[in-house]
Every structure is written in C-alpha cells, then in structure tokens.
Amino acid sequence: MSGIFISFEGIDGSGKSTQAKRLADALRHLGLEVLLTREPGGSPGAEEIRSLVLEGAPDRWSAETEILLFTAARRDHLEKTILPAVAAGKVVICDRFADSTRVYQGITRGDLRAKVDVLHREMIGREPDLTLLIDMDPQTGLARAKGRQTAEERFEDFGLDMQVRMRAGFLDLAQEFSNRFRVVDGDRDADVVADEITALVRKALV
Ligand code: ADP
Ligand code: TYD
C-alpha cells in the first residue's frame with residue numbers, strides 16, 4: 001500500500017506548524033501511521049542546510065543562491081525521508097515544500113519563478129498529493145511570528161509589504177494547482193481550523 005504526501009503552506013505565522021502537529025495527532029488517533037516533517041530540514045543533511053539559510057543577515061544569500069540551497073535540502077529530504085515513508089504506506093505531513101520556494105524565492109526579489117521551476121523539474125519532480133494553504137492576514141501572521149523570538153528570522157525581516165505579496169502569491173498557486181490545493185482560513189480559533197483540516201484530509205484519504 002502506498003501512503004500519501006500532504007504539505008502545509010502559508011506565510012510566516014499563519015499557523016502551519018501548529019496545524020501540522022494537530023493533524024498528525026488526529027490521524028494517529030485514527031490509527032494511521034504518520035510521519036511529521038518540515039522544510040527546510042527533515043533529514044540530517046537538510047537540517048544542516050536549514051541553519052545556513054535561516055540564520056544571519058537578510059542579505060547573506062542572493063535569491064538565486066537560496067534557490068540552490070533550498071532545492072539541495074529538498075532533494076536530500078525527499079530521498080532520505082519523504083519517499084521511503086510514502087513507500088512504506090505512511091501519511092507524510094510536511095510543514096512547507098516546493099510551493100514555498102515558488103513564492104519566497106520566486107517572487108520576493110524579482111521574478112525568478114522560471115528558475116525555480118527548472119530546478120524543481122530536474123531535481124525534485126514530485127508534488128504533494130494534497131496541499132493545505134493556511135490563508136491569513138499578513139499583519140496578524142507577522143505579529144504571531146515575531147512573538148516567537150528565534151534566531152531563524154532572515155525571512156520574517158522582509159516586512160509587511162512583502163508578506164502581502166507572498167499571501168497573494170500563495171493564493172495564485174492555489175488557483176494554478178487547484179487539483180491539489182485546499183485553502184483554509186487561518187484567522188480563527190486553532191480548534192476550528194484543526195477540525196476543518198482533519199475533515200478535508202479524511203475526505204482525501206477515502
Ligand atoms: P507557522 O508555522 O505558520 O509560522 P505557528 O504554528 O508556529 O505558525 O504559529 C505562530 C504563532 O501563532 C505561535 O505562537 C502559535 O501558538 C500561534 N497560533 C497558531 N495558530 C493560532 C490560532 N489559530 N490563533 C491564535 N494563535 C495561533
Ligand atoms: P519555517 O520554519 O516554516 O518558518 P515559519 O514557521 O516562520 O513559517 O520556514 C522558515 C523560513 O524559510 C520561512 O520564512 C520561509 C523560508 N523558506 C523559503 O524561503 N523557501 C523555502 O523553500 C522554504 C521551504 C522556506
């Protein structure tokens with residue numbers, strides 16, 4: 001039996017990590033085998049790349065270098081973690097995947113989407129079976145993200161204008177890949193959001 005690959009997407013602070021964990025708990029409760037993972041990271045090599053890309057000054061890497069680093073991390077994560085788990089019949093829940101590169105590296109510093117797509121086709125070649133986009137007002141998302149106080153703030157420092165463009169970028173992707181995207185309103189109580197997501201996933205599993 002083959003498993004299923006589910007990704008969470010959305011701007012910083014939209015509630016992806018919270019909801020990914022809650023979905024994993026809900027599905028385990030139903031007796032399913034679940035692997036909860038995240039990007040950048042999710043395998044030992046990709047976690048090393050994670051610190052390189054998320055820490056330090058905002059101008060530490062150009063957008064082009066970031067595309068290479070995120071794709072390298074994703075390739076390792078896919079080979080070592082995601083594909084073996086899907087092959088073993090597990091539900092793989094991933095906090096961010098290639099749609100984040102399409103938005104963050106594809107639109108934030110010029111139009112680099114074509115470069116993201118070329119590398120994705122050659123090196124990754126796999127989309128999630130289902131993508132849950134947690135849509136959120138950027139001001140609320142940014143306030144939530146800033147409340148966390150971590151060293152991984154390179155991208156949160158983009159500011160509000162950019163978060164507005166990224167939200168629009170994610171909603172555009174939801175239209176482009178409408179077969180696998182489901183858009184969920186994240187500006188509600190976490191329990192309400194979690195119930196809607198569990199219902200969507202149960203529908204996709206049958
Ligand atoms: P993301 O992974 O998208 O950056 P998180 O799940 O880490 O978002 O959530 C960011 C912050 O907002 C956390 O402090 C979390 O506890 C809080 N949070 C998550 N979901 C909600 C919600 N529905 N309502 C209020 N606060 C929330
Ligand atoms: P994440 O830990 O999910 O941050 P958050 O919880 O704030 O949403 O991701 C870290 C940052 O990495 C986030 O600001 C988005 C960025 N990122 C990219 O720029 N490109 C990518 O391909 C991925 C996966 C993440």
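Which side chain has an N or O atom 3.2 Å from an oxygen atom of ligand 2? The residue in question is arginine 74. The model is a predicted one, in which local features need pLDDT of at least 70, side-chain atom pairs count only at pLDDT 80 or more, and totals for chains, interfaces and linings use all residues. Residues are numbered from 1 along each chain as its sequence is written, chains are lettered from A and ligands numbered from 1 in the order in which they are written, and side-chain values use heavy atoms, with hydrogens and water left out.

The shell around ligand 2 holds 16 residues, and the closest are Asp12, Arg96, Thr101, Gln105 and Arg148; a residue is near a molecule if one of its heavy atoms lies within 4 Å of it. By class, this shell divides into five nonpolar, three polar and eight charged residues. Here Ala, Val, Leu, Ile, Met, Phe, Trp, Tyr, Cys and Pro count as nonpolar, Asp, Glu, Lys and Arg as charged, and the others, Gly among them, as polar. Helix H4 gives the largest share of the shell around ligand 2, with four residues; helices (H or I, at least four residues) and strands (E, at least two) are DSSP runs, numbered from the N terminus.

Most residues other than glycine have a negative phi, and most peptide bonds are trans. Another feature of the backbone is the cis peptide bond that joins glutamate 39 and proline 40, with omega at about -10 degrees. Proline 40 has its place in the loop between strand E2 (34–38) and H2.

Is arginine 96 buried or exposed? With a relative accessible area of 12%, arginine 96 is buried, where buried means under 20% relative accessible area, exposed over 50%, and partly exposed in between (1.4 Å probe, protein chains only). Arginine 102, in helix H4 (residues 98–107), is also buried, at 4%. Its side chain makes a polar contact with the side chain of aspartate 99 (2.9 Å). A polar contact is a pair of N or O atoms within 3.5 Å; within protein, one must be able to donate a hydrogen and the other to accept it, and residues adjacent in sequence count only if both atoms are side-chain atoms.

Turning to ligand 1, 13 residues surround it, and the closest are Gly13, Lys16, Ser17, Thr18 and Arg188. Helix H1 (residues 16–29) gives the most to this shell, with three residues. A polar side-chain atom of lysine 16 lies 2.6 Å from an oxygen atom of ligand 1, while a nitrogen atom of ligand 1 is 3.0 Å from an N or O atom in the side chain of arginine 144. The protein covers 70% of the 560 Å² of accessible area that ligand 1 has on its own.

Note on methods
Areas by Shrake-Rupley, 256 points an atom, 1.4 Å probe, with all protein chains shown as cover.
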